[in-house]
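The following report describes selected features of one structure, section by section.

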Amino acid sequence: MNKDISPDYRPLDASTIIDYVWSRPELREVFREGEALHADEVGDGNLNLVFKVWAQADPERTVVIKQALPYLRLVGGGWPLPVDRARIEAEALQVEYRLVPEHTPRVYFYDPGMYLFAMQNLNHHVIMRKGLNEGIKYPRFAQHIGVFLARTLGMTSDLVLDYRTKKLEVARFINPELCKITEDLIFTEPYRYTERNGFHKELEPQVFALQADEALRVEVAKMKEKFMTQAQALIHGDLHTGSVMINQEETYVIDPEFAFYGPMGFDVGAVIGNLFLNYAAQEVRMKDPAQRSDFRKYLTDTVIELWHVFEREFQKVVWDQVDPINMPRAYQQDYMLRVLQDSAGLGACKMMRRVIGLAGVADIRGIEDVHDRAIAGSLALNIGQALIMGREEIRTIEDLVEVATACKPTYPWKS
Ligand code: ADP
Ligand code: MG
């Protein structure tokens with residue numbers, strides 16, 4: 001893979017980045033000739049270098065620079081990854097910015113020799129997962145993410161794009177190595193023995209039972225096939241609550257390096273599945289029952305509202321524009337139902353892998369007490385299993401929420 005790396009490529013650090021910033025004419029609208037700049041590496045990501053650069057005189061004049069490393073940081077040099085993913089990410093952000101600028105950081109430029117891009121610093125926002133784990137509600141999230149999903153998915157699909165543009169877009173966003181990570185970590189490894197799985201001992205009986213369940217493996221295989229073959233829309237590909245930067249007023253989606261043409265339900269399901277992961281974690285995180293049920297109601301109301309917003313916006317930007325002769329109302333309704341059922345099944349896979357597989361989520365793996373962690377993990381697995389196995393009976397988003405909220409943790413085991 002290294003032979004494909006540009007000879008200009010050198011990973012930046014907090015000191016070399018300042019000279020680099022001055023070499024970019026695109027950033028002259030942010031920084032003033034000769035002024036003092038500061039830079040810091042954020043460095044909580046697994047795959048990339050992320051720097052914040054700001055003017056000493058005015059920290060509000062600031063950008064974020066994200067540069068791809070040729071290997072996965074989490075496991076060092078042992079796991080090579082194509083640096084071209086920085087181009088995919090920058091180009092996906094540019095598409096999203098065109099469709100929903102209010103929820104996408106602006107990209108200043110992409111540098112194809114350095115595999116990096118500069119974007120708007122969302123310095124008044126926090127990672128949503130962190131906020132949810134602190135019990136913070138974001139009342140506008142459902143509205144914002146519903147619009148983001150409808151526009152980015154609907155308007156990049158065959159329903160809106162002309163026949164040629166669609167195919168060229170599929171080609172531009174071919175992303176085999178990052179898709180392979182998803183195929184392995186989400187759809188393959190959680191359902192078999194592998195050393196990379198990350199569940200802990202207390203959960204073994206439930207995980208082993210799940211892995212032994214052939215009917216479940218059949219449904220997961222169908223979801224994997226859908227992920228690999230259904231070039232329905234330009235999907236973000238990693239739309240968990242760690243890819244959302246948020247505050248009480250605004251919502252931004254970052255980090256689309258896994259973007260490619262895939263099934264819409266993978267993004268919608270990622271959002272819903274991650275809200276249910278937090279729902280499962282609250283089983284032990286929030287000790288006060290009244291506070292817990294109030295927060296969970298916020299989470300399930302959010303799932304319901306985001307779907308209704310998604311449907312309404314999709315109606316406006318897609319269905320109101322199509323020819324009703326070839327796409328009659330009943331087809332449109334069937335299409336939306338299939339996206340809903342895909343979201344249940346694909347979101348379920350995203351939930352189960354966060355408990356069983358290599359990469360966990362702080363909501364659950366961040367719970368210190370192992371018994372508490374097992375309770376939350378057990379509930380998340382049961383919700384995932386119920387959603388994927390029951391998805392074909394789901395007709396409405398309210399049905400989906402009912403399937404999920406009927407679940408209980410299996411741990412601790414009754415002997
Ligand atoms: P990776 O793909 O390596 O996981 P992310 O895109 O998730 O990297 O970014 C890592 C971290 O950097 C994020 O969790 C967030 O804290 C910060 N970050 C990324 N993009 C921005 C941005 N545009 N503005 C502010 N902070 C950002
Ligand atoms: Mg990432």
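## Magnesium site

Aspartate 255 and glutamate 257 are both buried, the term denoting under 20% relative accessible area, with exposed meaning over 50% and partly exposed in between (1.4 Å probe, protein chains only). These residues supply the protein donors of the magnesium ion (ligand 2): Asp255 (OD), Asp255 (OD) and Glu257 (OE), at 2.2 to 2.6 Å from the ion. Donors are N, O and S atoms within 2.8 Å of the metal (3.2 Å for Na, K and Ca); water is not among the atoms, so sites may look incomplete.

## Basis of the model

The model is predicted: local features need pLDDT of at least 70 and side-chain atom pairs count only at pLDDT 80 or more, whereas totals for chains, interfaces and linings use all residues. Residues are numbered from 1 along each chain as its sequence is written, chains are lettered from A and ligands numbered from 1 in the order in which they are written, and side-chain values use heavy atoms, with hydrogens and water left out.

## Antiparallel sheet

Strands (E, at least two residues) and helices (H or I, at least four) are DSSP runs numbered from the N terminus, and two strands pair if DSSP finds at least two bridges between them.

Strand β2 (residues 48–55) pairs with β3 (residues 58–68) over 8 antiparallel bridges, and the two form a hairpin with 2 residues between them. Valine 53 has valine 63 of β3 as its bridge partner, while valine 50 stands opposite lysine 66 in β3. Strand β3 is also joined to β5 (residues 116–120) by 5 bridges, again antiparallel; here valine 64 is partnered by methionine 119 of β5. Since 8 of its 11 residues are buried, β3 is largely enclosed by the rest of the structure.

## Loop residue Asp213

Aspartate 213 lies in the loop between α7 (204–211) and α8 (214–229). Its relative accessible area is 24%, which makes aspartate 213 partly exposed. Aspartate 213 and tyrosine 191 are 22 residues apart in sequence and 9.1 Å apart in space, C-alpha to C-alpha.
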